[in-house]
Amino acid sequence: MNSSSQTQEAVRGPAGPTGPADPTGPAGPAGHPILILIVAGFSSLCAALMQSLVIPIQPQLPEMLSTSASNAAWVVTATLLAGGVAMPVTGKLADLKGRKPVLVGSALLLLIGSLICALGDSFAPVLIGRVLQGLAMGYIPVAISFVREVMPPHLRNTAVAAISATLGVGGALGLPIAAWVVQSYDWHALFWLATVLAVIMMVASIVVLPNHPATGSGKLDVVGAIGLSVGVVAVLVGVSKGTDWGWVSPSTLGAILGGIVVLLLWGRFEIGHDNPLVDLRTTARRPVLLTNIAALMAGFGMMAQSIAVPQLLQAPDATGYGLGQTVLQAGLWMAPAGLMMMIFTPISSRMLTRLGGRTTLATGMVVMACGYLVAFFLTDAPWQLMLAACVSSAGVGIAYAAMPTLIMENSPASEAGAGVGVNALMRSMGTTVAGAVMAIVLTSITTTMAGASLPTVTAFKVCFALGAVAGLGAAAVTLFIRRRSPEEAAADVTTGPEAVDEPALP
């Protein structure tokens with residue numbers, strides 16, 4: 001099925017008694033929308049927590065798992081890589097097989113992965129478990145498209161904003177929770193906690209979430225899924241390990257360039273496929289393409305804060321600029337920033353309703369940039385950095401609510417899950433690039449103290465400046481997205497999102 005026919009299908013609604021129903025039409029709203037939103041939001045938060053679950057114990061992982069430091073680093077990296085790959089694949093599966101089966105399957109992956117880690121004492125089982133935990137992050141983009149299908153119109157924007165916020169909230173809250181658990185119990189308790197959360201998540205998803213018919217048809221593009229996975233993993237491995245391996249080393253260049261070649265071949269294959277994993281013609285539409293570029297910059301901006309602020313909080317007092325906080329204290333100072341994303345959910349919803357996705361996304365990115373400017377000038381006390389992080393996170397929360405809305409407004413119903421998954425992948429790639437760039441800055445602009453090399457205050461200010469530039473750049477890109485007409489916005493409220501048949505960019 002080509003993009004044009006998919007667009008027509010999305011606009012005209014059901015094909016017949018046995019055809020795929022319009023998921024946001026009159027039959028779409030569920031009987032208990034608030035309960036559904038609570039379950040989808042809680043489950044998405046549990047999946048997002050896996051991003052930062054092991055960060056407090058990362059320095060001790062080599063000893064705990066009887067392995068090298070380079071191997072132990074994969075316990076963190078593998079989860080991020082698996083999550084990046086899972087998001088577009090699970091999104092497409094949800095389009096083809098229905099949202100609920102994929103959501104339950106993602107919860108099951110989190111349960112199995114957490115249980116393997118909880119029972120493991122060596123590197124191999126913990127790595128396998130962490131990969132499965134990362135794959136469970138595919139729950140989040142599917143949940144975003146799911147709540148947009150089943151929520152009544154007046155709750156649709158609020159639901160999308162709430163689920164989107166969990167990507168940031170989970171990462172922010174995971175750090176203090178994990179630090180407290182590790183400080184009070186054995187490290188295995190982290191994964192037993194994740195196991196309990198996964199059980200609740202799976203049971204609640206089975207019992208509460210309604211079944212809705214699939215919006216797409218055909219079979220999963222297995223070759224496309226493998227090609228995308230290989231290409232994305234290769235690029236992300238090269239970028240995330242470039243600092244350790246050396247940016248001009250054969251390993252780094254081979255991974256990045258090899259991944260790019262695979263992705264180019266994958267794109268050529270997808271264009272000629274009748275039922276591709278990702279409809280690149282839809283992805284090339286101006287609103288979708290520019291939203292994904294903004295997502296890359298937004299992911300960069302969010303991660304810049306997550307890396308620089310905790311390190312500055314934990315830097316020794318003796319440096320003259322460090323704030324001497326413990327891991328747990330730093331996590332607690334960062335926790336309000338994560339909560340800020342959730343607090344801004346109703347505000348994001350009103351902005352989406354009154355201003356539209358384009359203006360809301362641009363506003364969020366400008367607010368994020370303002371937070372970095374606060375951090376650039378105010379670094380003398382923990383509360384100042386907390387304030388800066390809260391402002392930035394408010395902007396991220398607003399932007400993260402707008403991005404899936406823009407994607408689903410400009411994609412056929414049969415491609416909604418895959419489109420949101422690709423957008424989440426772009427955010428993930430932005431965070432990976434930010435991790436590499438921040439590492440370069442923080443290890444290049446250093447001072448020596450007691451024989452140890454530490455980042456200078458200038459290094460942290462450069463990180464904050466880069467975060468501000470990313471936010472302003474994303475805002476500028478967003479302004480090139482075509483503004484929706486009042487008729488299109490009204491149609492979305494009454495009948496659900498329709499694909500805008502706009503020519504692709506050349």
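This report covers a helix pair, one lysine and one further helix in a predicted model. Residues are numbered from 1 along each chain as its sequence is written. In this predicted model local features need pLDDT of at least 70, side-chain atom pairs count only at pLDDT 80 or more, and totals for chains, interfaces and linings use all residues, while side-chain values use heavy atoms, with hydrogens and water left out.

The helices discussed are tabulated here; helices are DSSP runs (H or I, at least four residues), numbered from the N terminus.

| Helix | Residues |
|---|---|
| α6 | 123–135 |
| α10 | 222–245 |
| α13 | 286–314 |
| α18 | 457–478 |

The axes of α13 and α18 come within 8 Å and cross at roughly 160 degrees. The two helices are therefore roughly antiparallel (angles over 145 degrees). Residues of α13, including L290, M297 and F300, meet residues of α18, among them F460, L466 and V477 (contact means heavy atoms within 4.5 Å). By class, this contact has 16 nonpolar, five polar and no charged residues.

K241 lies in α10. At 5% relative accessibility, K241 counts as buried (under 20% relative accessible area, 1.4 Å probe, protein chains only). Leaving aside neighbours within four places in sequence, K241 is in contact with S70, A73, W74, T77, G246 and T252.

Helix α6 has 13 residues and reaches 18 Å from its first C-alpha to its last, close to the 18 Å expected at 1.5 Å a residue (1.5 Å times one less than the number of residues). Its buried residues are F123, V126, G129, R130, L132, Q133 and G134. The buried residues of α6 pack against α3 (61–65), α4 (69–97), α5 (99–119) and α9 (188–208).

How values were computed. Axes fitted to C-alpha atoms, helices over the stretch in contact; angles between N-to-C directions. Parallel < 35°, antiparallel > 145°, perpendicular 65-115°, else oblique. Nonpolar A, V, L, I, M, F, W, Y, C, P; charged D, E, K, R; others polar. Buried < 20%, exposed > 50% of the residue type's maximum accessible area, 1.4 Å probe, protein only.
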